[in-house]
Amino acid sequence: MKKKTLIALIMTLALAGSCIGCGSGGSSSASDSGDSGSSSASASDIKVALVLPGSANDKGWNQEAYDGLQEIKENGYETAYSENVEASDYETIFRGYADQGYNVVFGHGTEFEDAAESVAPDYPDTMFCITSSDISQEPNVCSLQNLNNEQGFIAGVVAALATKSGTVAAIGGMEIPSIQSYIMGFEQGVDYVDNGTTALTAYTGDFSDATKVMEQAKAFIDQGADIISQDADEAGLGLFEAVKDAPEGVYAIGSVTDQYEECPGRVLTSATNNIGEAMAVAVDQYASGDLTAQCYKYGIAEGVIGLADYHDCSDVLTDEQKDFINETMDKIASGEITVESAQQ
Amino acid sequence: MNMKKIIKPVLSILLALLVGAIVIAVVGENPLDIYRSMLVGAFGSKSAVAGTLVKTTTMIFVGLSYGFAYKCGLVNIGIEGQLYMGGLLSALAAIYVELPAPIHIPLCLIAGFAGGAIWGAIAGWLKNRFNASEMITTVMMNYIATYFVAFMVNGPIKEKDGTYPQSERILDSARFPTLVPGTQLTIGILIAIIAVVLYIIYWKKTAGGFEMSVVGSSERVAAYAGIPVKRMIITSMLISGGLGGLAGAAEVLGVQFKIMDGLSSGYGFDGIAVSLLGNNSGIGIMLSSLLFGALRYGGNAIQMFTSLPIAVIYILQALVILFVVVDVFRMERRK
């Protein structure tokens, strides 16, 4: 009898485990009207869905897209999203949205490529749009690629102008094309300033281990670098830990969002990369009938890549140097400067 | 007795829905609306039915897997791991072996069965040799299997182009043919039904099935009757694991067409609930698989198209499972 009870108890635990299993496979929604069947005659005739591989409030990759979706919603479109979607459900969720007549379905990240390519032929009326990717498939799979090389380029220009020691550094996460582009851009930016500055670069190999980024940053500081940039998602936060303990005159350059708050007073500026803005631009293009099956590259010209505020580090750079940075950005936007990339 | 067998699971489901309705009402939504959109999400259109049946396929395999071991008195909580190992071997056969479809698909299925069977049999052997509880060993082996697959797709079998940790796509000759064009429904569901039929025949009509159920009732009696208990245990874990492996193979060959980290979103654990709700019988498992398939697929729909907070949906799914377990407590006491 006792053993039976024990078995039952252990099974209860296992079932509890299975509930957690269900949990992580789930997703949630924010539907405008709550009733997908009703066809309102308002401006929101276009329905946009976003499928996220992680939590919408992760303060990083997913949140960036979620914020973009909120902007799209404010622009008058009807929106819905699914978060924490497991790889096994990508296709299912895509089909679900397409069945309900969603016009644009975003898959947030390279991992959604296969699902989009296999689902798209069955739903010619839905545009599937993959972020951080370069795929396209006629007539209804497109992709959004942010020009990380331009992002790196600006960071490189800022670093080369701000350095006192003549050595700057950039740390990448995983060595994949999007990150390689950032690092390549950084090196080109430093070369562009052409004041004899040396650029040190390294990859730590992942996006989650902040300690590795911190150690790498400390090593660079020991080698004389006084301006250090990063492009390593969550792991990149390790850079700010290193800068906190560094001697006076060492500054960090943040990336993706304005990362000033991570270490006030020691973050010179941030090279921003606003994927959400790119999504909003794409949806507007869809509304005007211009979104076609191709890879869209968004950079400084589209306002997707940019530079954050200098906050209280404003006096590190002279006004002439700031003007030079702005001119350089204008030149990239106008195509006068072309930045090489690791992506096609 | 027979009536009780039907009434109890139905009662559990109704109770779960009732308590679920209260939870939904507390959150401030109309329970009927939510249930309706769940029903529509699961059965409302051709592709919804197909989606539900795809999930049902997986549920049948994992349900049979748990049921097979349970009938022999074993508790196999390692179906998740067996699913991953089966998925891995069948993916290897589907990617790297070139054969015409009529031979390729069976080969991949055999590979999938073998992958799970080996993983299950290890737990059976540990029980026989060291008297190690299969409940513990199978749970632990889940981790080894999932992380082993994660290692494989990050390294040795990672696709050449692309940066996401997943294998190459399987060859076309290994893909399950689609049953209804434009949907995800493949012959996987037919294979699952065949498995159910074989399951019923084994337990109802064969001497092996009878002997194994004697072991399940009491190992001592079985030993006294001259039944080779240890061999029964290892065979049972072998087949139970193999069925779990087939769940993985069906996912790889019929749904994902590749293997990656996150092949299963906890399906292996659903198998426990599926089997218990279905009273471990073939027909019962098939029906409860349909219910859980609908819960899984319709649950996705709720999450997509209503403003119900995500946590409530988890509560709903958990309630059904919980009431199944409560039911089990009662049955255990009666014996």
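A residue is counted as buried if 20 or more other C-beta atoms lie within 10 Å of its own, as exposed if 12 or fewer do, and as partly exposed in between, with C-beta atoms placed from the backbone. On this criterion, buried residues make up 54% of the 344 residues in chain A and 57% of the 335 residues in chain B. The structure is a predicted model, in which local features need pLDDT of at least 70 and side-chain atom pairs count only at pLDDT 80 or more, while totals for chains, interfaces and linings use all residues. Residues are numbered from 1 along each chain as its sequence is written, and chains are lettered from A and ligands numbered from 1 in the order in which they are written.

Secondary structure was assigned from DSSP runs, with helices (H or I) of at least four residues and strands (E) of at least two, numbered from the N terminus. Chain A contains 10 helices and 12 strands, whereas chain B contains 13 helices and 0 strands. Contacts were defined between residues whose C-beta atoms, placed from the backbone, lie within 7 Å. Among contacts with a separation of 6 or more, residues 24 or more positions apart account for 70% in chain A and for 78% in chain B.

Chain A is divided into domain 1 (3-146 + 274-298) and domain 2 (148-273 + 310-334), with bounds that come from an automatic or database domain assignment. The contact between these domains takes 7 residues from domain 1 and 7 residues from domain 2 of chain A. On the side of domain 1 that touches domain 2, the residues divide into 2 nonpolar, 4 polar and 1 charged. In this classification Ala, Val, Leu, Ile, Met, Phe, Trp, Tyr, Cys and Pro count as nonpolar, Asp, Glu, Lys and Arg as charged, and the others, Gly among them, as polar.

An open sheet in chain A is formed by 6 strands in the order 7-6-8-9-10-12, with mixed pairing; two strands are taken to pair if DSSP finds at least two bridges between them. Strand 7 (198-203) and strand 12 (305-307) of chain A are the edge strands, each pairing on one side only. From one strand to the next the twist averages 15°, where axes are lines fitted to C-alpha atoms (for helices over the stretch in contact) and angles run from 0 to 180 degrees between N-to-C directions. Strand 6 and strand 7 of chain A run parallel and are joined by 6 bridges. Within strand 7 of chain A, A:T201 stands opposite A:A170. Of the 6 residues of strand 6 (residues 167-172) of chain A, 5 are buried, so this strand is largely enclosed by the rest of the structure. Strand 8 (residues 227-231) and strand 9 (residues 251-256) of chain A also run parallel, joined by 3 bridges. The bridge partner of A:I227 in strand 9 of chain A is A:Y251.

Most residues other than glycine have a negative phi, and most peptide bonds are trans. In chain A, a cis peptide bond joins A:E138 and A:P139, with omega of about -5°. A:P139 is placed in the loop between strand 4 (127-131) and strand 5 (141-146) of chain A. A:H311, which is not a glycine, has a positive phi of about 50°. A:H311 lies in the loop between strand 12 and helix 10 (319-334) of chain A and counts as partly exposed because it has 15 C-beta neighbours inside 10 Å.

In chain B, the elements follow the pattern α-α-α-α-α-α-α-α-α-α-α-α-α along the sequence. The radius of gyration, taken over C-alpha atoms, was compared with a globule rule of 2.2 Å times the number of residues to the power 0.38. For 335 residues a compact globule would have a value near 20 Å, and the 20 Å of chain B agrees. The C-alpha trace of chain B spans about 60 × 60 × 30 Å along its principal axes.

B:L17 is found in helix 1 (residues 2-27) of chain B and is partly exposed, with 15 C-beta neighbours inside 10 Å. B:L17 and B:I272 are 255 residues apart in sequence, and their C-alpha atoms are 20 Å apart in space. B:W125, in helix 5 of chain B, is partly exposed, with 17 other C-beta atoms within 10 Å. The C-alpha atoms of B:W125 and B:I233 are separated by 8.4 Å, at a distance of 108 residues along the chain. B:N131 occupies the loop between helix 5 (101-130) and helix 6 (134-154) of chain B. Phi of B:N131 is positive, near 60°, in a residue other than glycine, and B:N131 counts as exposed because it has 7 C-beta neighbours inside 10 Å.

Notes:
Two residues are in contact if their C-beta atoms, placed from the backbone, lie within 7 Å.
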